[in-house]
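Welcome to my notebook. I jotted down a few things I looked up, one entry at a time.

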Amino acid sequence: MTAGFAHVADNPADDSATVNDRADATDRFAGIDTRLYLVTDSAHCEAAGRSVAETVQAAVAGGAGIVQVRDKDIDDGDFYSLTRQVIAAVDAATRGTDRTVPVVLNDRVDVARRLIDEGENVHIHVGQSDTTVTEVRAALGPAPLIGLSAANSDEFAAARDSGVVDLVGIGPVYDTSTKADAPDGIGPDRLGELVAEAGIPAVAIGGISADRAPDLLGRGLIGICVVSAICMADDPKTAAEELLAAFAGSGQ
């Protein structure tokens with residue numbers, strides 16, 4: 001994957017913008033369009049009649065700038081194979097362009113280490129009950145981006161104090177059925193408060209659609225994460241285009 005689109009923050013010209021909008025806070029995302037972040041769901045893709053790789057290739061062609069491979073129901077061997085398919089799909093979608101679209105593994109540090117040893121440029125996202133971020137950094141070295149799900153003051157403070165977290169995922173913004181144990185949605189206003197408190201570049205997740213994306217503008221985010229809005233869409237490429245336009249403020 002080659003160098004590509006510059007990172008685009010939410011309100012880069014606003015002097016009151018949060019730390020997430022500052023260039024010095026997002027150097028790790030240079031060359032990456034962070035605005036639309038796809039998290040895969042194998043069951044949703046299958047229900048829509050496509051493979052995860054087919055969904056990813058279409059979504060990246062439509063503008064998704066980061067792809068996270070997530071499947072809690074398969075073993076490491078199958079997850080490795082799935083990630084290889086996703087890497088190939090991203091490469092196919094970006095071939096002939098100058099885009100960089102990071103592939104992020106949900107937890108699965110051992111799989112990430114294997115891929116890095118094989119020469120792949122992959123990254124990691126973990127939850128509060130997964131491998132700790134300090135363990136991830138020790139295992140994978142300084143290059144990979146590390147994302148962390150965080151939802152309150154203590155978790156934000158721990159993320160900042162660790163010195164190794166590049167990105168926090170905050171949500172769910174809206175009620176979502178993607179995760180069975182997800183809490184109620186926090187809403188756009190509370191999201192904005194948490195993003196300001198986080199002090200680390202942040203993306204929002206949970207129940208986000210093209211209709212709802214405009215409500216997340218001006219909240220200090222560097223992007224929105226979606227699962228079903230793309231994985232279950234009739235046309236993932238069009239869905240990605242519509243989501244990106246809506247979050248960029250140009251959707252009608």
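My entries on single residues and their surroundings follow.

**Ground rules.** I am working with a predicted model, where local features need pLDDT of at least 70, side-chain atom pairs count only at pLDDT 80 or more, and totals for chains, interfaces and linings use all residues. I number residues from 1 along each chain as its sequence is written, and side-chain values use heavy atoms, with hydrogens and water left out.

**Aspartate 71.** I found aspartate 71 in the loop between β2 (66–69) and α3 (76–94); helices (H or I, at least four residues) and strands (E, at least two) are DSSP runs, numbered from the N terminus. Which side chain of opposite charge is nearest to aspartate 71? I looked, and arginine 108 is the nearest, 5.4 Å away. Aspartate 71 is buried and has no salt bridge. Buried means under 20% relative accessible area, with exposed over 50% and partly exposed in between (1.4 Å probe, protein chains only). A salt bridge needs a side-chain nitrogen of Lys or Arg within 4 Å of a carboxyl oxygen of Asp or Glu. I also noted that a polar atom of the aspartate 71 side chain lies 2.9 Å from the backbone nitrogen of aspartate 73. Beyond its neighbours within four places in sequence, aspartate 71 is in contact (heavy atoms within 4.5 Å) with Ser42, Phe79, Leu82 and Arg108.

**Aspartate 107 and arginine 108.** Next I went to the loop between β3 (103–106) and α4 (109–117), where I found aspartate 107. Arginine 108 is in the loop between β3 and α4. Most residues other than glycine have a negative phi. Aspartate 107, though not a glycine, has a positive phi of about 60°, and arginine 108 has a positive phi of about 45°. Aspartate 107 counts as buried because its relative accessibility is 16%; arginine 108 counts as buried because its value is 14%.

**Arginine 137.** I found arginine 137 in helix α5 (residues 133–140). Is arginine 137 buried or exposed? Arginine 137 counts as buried, at 15% relative accessibility. A polar atom of its side chain lies 2.6 Å from the backbone oxygen of proline 144. Not counting residues up to four places away in sequence, arginine 137 touches several residues, including Arg28, Val164 and Asp166.

**Proline 172.** I checked the bond between glycine 171 and proline 172, and it is a cis peptide bond, with omega about 0°. Proline 172 is in the loop between β6 (167–170) and α7 (187–198).

Note on methods:
Lys and Arg count as positive and Asp and Glu as negative; His and the chain ends are not counted. A polar contact is a pair of N or O atoms within 3.5 Å; within protein, one must be able to donate a hydrogen and the other to accept it, and residues adjacent in sequence count only if both atoms are side-chain atoms.
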